[in-house]
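Dear colleague,

Please find below the structure that I am handing over to you. My findings follow directly after it.

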Amino acid sequence: MGLGGCIILIAVGAILTFATDWNMEGVNLDLVGVILMIVGLIGVTTFSSIARRRRVVVPPSQPVVTEERHPRRDGYSDGYGV
């Protein structure tokens, strides 16, 4: 579940808790809304901690070796083709 799904869970939970006055027999919609908001908040925190861990940049442990450029030897400019 991505960050968008977590935000949708929070929004649906808030709507069920604060904006509805439906009465369903056997189901407490206020409690369902609170549960959805809590699950959404847990998802946001785990998603942000995972995303923060991915952004860590580790410097290389060994120095980077660069290859020296040698002049091109085509056989004509070095005196062999004269």
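Thr20 counts as buried, with a relative accessibility of 19%; buried here means under 20% relative accessible area, exposed over 50%, and partly exposed in between (1.4 Å probe, protein chains only). The residue lies in the loop between helix H1 (3–19) and helix H2 (29–54), where helices (H or I, at least four residues) and strands (E, at least two) are DSSP runs, numbered from the N terminus. A polar atom of the Thr20 side chain lies 2.8 Å from the backbone oxygen of Leu16. That separation falls under the definition of a polar contact, a pair of N or O atoms within 3.5 Å; within protein, one must be able to donate a hydrogen and the other to accept it, and residues adjacent in sequence count only if both atoms are side-chain atoms.

The model is predicted: local features need pLDDT of at least 70, side-chain atom pairs count only at pLDDT 80 or more, and totals for chains, interfaces and linings use all residues. Residues are numbered from 1 along each chain as its sequence is written, and side-chain values use heavy atoms, with hydrogens and water left out.

Thr17 is found in helix H1 and is buried, with a relative accessible area of 15%. Its side chain reaches the backbone nitrogen of Val34 at 3.3 Å. Leaving aside residues up to four places away in sequence, Thr17 touches Asp30, Gly33, Val34 and Met37, a contact being heavy atoms within 4.5 Å.

Val34 itself is placed in helix H2 and counts as partly exposed, at 33% relative accessibility. Val34 and Ala14 are 20 residues apart in sequence, with their C-alpha atoms 7.3 Å apart in space. A further pair is formed by Cys6 and Leu41, which are separated by 35 residues in sequence and by 7.0 Å from C-alpha to C-alpha. Cys6 belongs to helix H1 and is buried, at 1% relative accessible area.

On the surface, Trp22, Met24, Val27 and Val32 form a nonpolar patch with about 380 Å² of accessible area together. Met24, one of the patch residues, lies in the loop between H1 and H2 and is partly exposed, with a relative accessible area of 47%.

For the chain as a whole, there are 2 helices and 0 strands. Buried residues make up 15% of its 82 residues. The accessible surface comes to about 7,500 Å², of which 62% belongs to carbon and sulfur atoms; areas come from the Shrake-Rupley method with a 1.4 Å probe, and for residues only the protein chains shown count as cover. Of the contacts with a separation of 6 or more, 49% are between residues 24 or more positions apart.

With kind regards

How values were computed
Patch = residues over 30% accessible without salt bridge, like charges linked within 9 Å, V, L, I, M, F, W, Y side chains within 5 Å. Salt bridge = Lys/Arg side-chain N within 4 Å of Asp/Glu carboxyl O.
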